[in-house]
Amino acid sequence: MKLFAKRVFSLTLAFITVAVLVCSQMFSLSAEAKDDPYTALSKGTTVYNGVDYKNEYNPLFYYLNYEDLREAFGADPNRLIEHWVLFGKKEKRVANKLIGDNTEYIVPTGDKSVTIIKKTKHDNGGMTYEQEIMARSIAKQIADAINNAGTASASSSSSKSSSKAKTIKDVEKVAYAAGVVKAYCDLGTYTTEGKIYRTAYGVFIGGEYSCAGATRALGLVLDYLGITWVHVNINTWADQYCRVIVDGKEGYGDAMIEAAGYGKHPNEGGKASDAVTYAKIRYKFDVATQR
């Protein structure tokens, strides 16, 4: 009997331990989700007063469609669904799809706001909503690491009079990002078949890539770095890469060659010898690449 009681006690203790761990993980995830509207609202509630409005209401779409709601409520799903039920429906606001004139592309900044970019500059290659969530998560981590390296280098430069103190330019950030994206590509398989090879999801998660997917993956990182880019040769069989504005100049970034530079891409007549390559500048980002 005592042995049975001990076993019951052990099982009960184990159950409580697992429950505490699961709850703590759930709390951690919810706390992190509040940092990014895409994440916070991807599973936002569609229920108000016991009624589920999921067939006509999407919390992320409602948030992105109306600037006044973003300013008033932020990414609070409870406030958003309340507004939709009490006011939004009567005002004939749209909450089940993204609206606009098809010339704008909504880019989450990773904090509590969004940036609007002209859609003609690039698209997401056909990623599903869920795929874009996952791809953006990785792109943001890469961009954060690059920016952290830039901040650390700026602090180092200000505290040292030596001309050898590290400084990081935007073009170098693009080159480093290109190298990181190429590393992800090298973990996968090059292909031009299927549904994900043209996407950032294919590069970061799906294990499939092409120059189109590499360009979109690099572009996603550039979105979070705040660097303007245009998808060159989009949806064609020609070499694809990013045309960028860096350090106040026109330039390019190409994950397939792990490089960036000012002026024209070598494919457009620029000099390959002038390229800023990942191999040349990776030492500046040691602080961001340590594991």
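**View 1. The whole chain and its helices and strands.** Helices (H or I, at least four residues) and strands (E, at least two) are DSSP runs, numbered from the N terminus, and by this definition there are 11 helices and 11 strands in the chain. This is a predicted model, in which local features need pLDDT of at least 70 and side-chain atom pairs count only at pLDDT 80 or more, while totals for chains, interfaces and linings use all residues. Residues are numbered from 1 along each chain as its sequence is written, and side-chain values use heavy atoms, with hydrogens and water left out. A residue counts as buried under 20% relative accessible area, as exposed over 50% and as partly exposed in between (1.4 Å probe, protein chains only); of the 291 residues of the chain, 41% are buried.

View 2. A pair of aromatic rings is described by the distance of the centres and the angle of the planes. Rings of Phe, Tyr and Trp (its six-membered ring) pair if their centres lie within 6.5 Å, and planes under 30 degrees apart count as stacked, over 60 as edge-to-face and the rest as tilted. By this rule the count comes to eight aromatic pairs. The ring centres of Y62 and Y66 are 5.7 Å apart and their planes stand at 70 degrees, so this pair is edge-to-face, and both Y62 and Y66 are buried. Y176 and Y278 make a tilted pair, with 5.3 Å from centre to centre and 40 degrees between the planes. This second pair links distant parts of the chain, since Y176 belongs to helix α7 (residues 170–186) and Y278 to helix α10 (residues 278–281), 102 residues apart. Y176 counts as buried because its relative accessibility is 4%, and Y278, with a relative accessible area of 15%, is buried too.

**View 3. A ring cluster and charges over rings.** Ring pairs link Y57, Y62, Y66 and W84 into a cluster. A charge sits over a ring if NZ of Lys or CZ of Arg is within 6 Å of the ring centre and within 35 degrees of the ring normal. R93 lies in this way over the face of Y66, at 4.7 Å from the ring centre, and K249 lies over the face of Y262, at 4.4 Å from the ring centre.

**View 4. The nonpolar cores.** A nonpolar core is a set of buried Ala, Val, Leu, Ile, Met, Phe, Trp, Tyr and Cys residues joined through side-chain atoms within 4.5 Å. The largest one has 43 residues, and those with the most contacts inside it are V181, F204, L218, V221 and L222. Its largest share, nine residues, comes from α7. With contact meaning heavy atoms within 4.5 Å, F204 touches A135, I138, A139, I142, V181, Y184, A217 and V221, not counting residues up to four places away in sequence. A second, separate core of 16 residues includes L60, Y63, L69 and V85.

View 5. Two strands pair if DSSP finds at least two bridges between them. Four bridges join strand β7 (residues 229–232) to β8, and these strands run antiparallel; the bridge partner of W229 in β8 is V244. Five bridges join β8 to strand β9 (residues 249–254), again in an antiparallel arrangement, with I245 standing opposite E250 in β9. β8 and β9 form a hairpin with two residues between them, and D247 in the turn has a positive phi of about 55 degrees.
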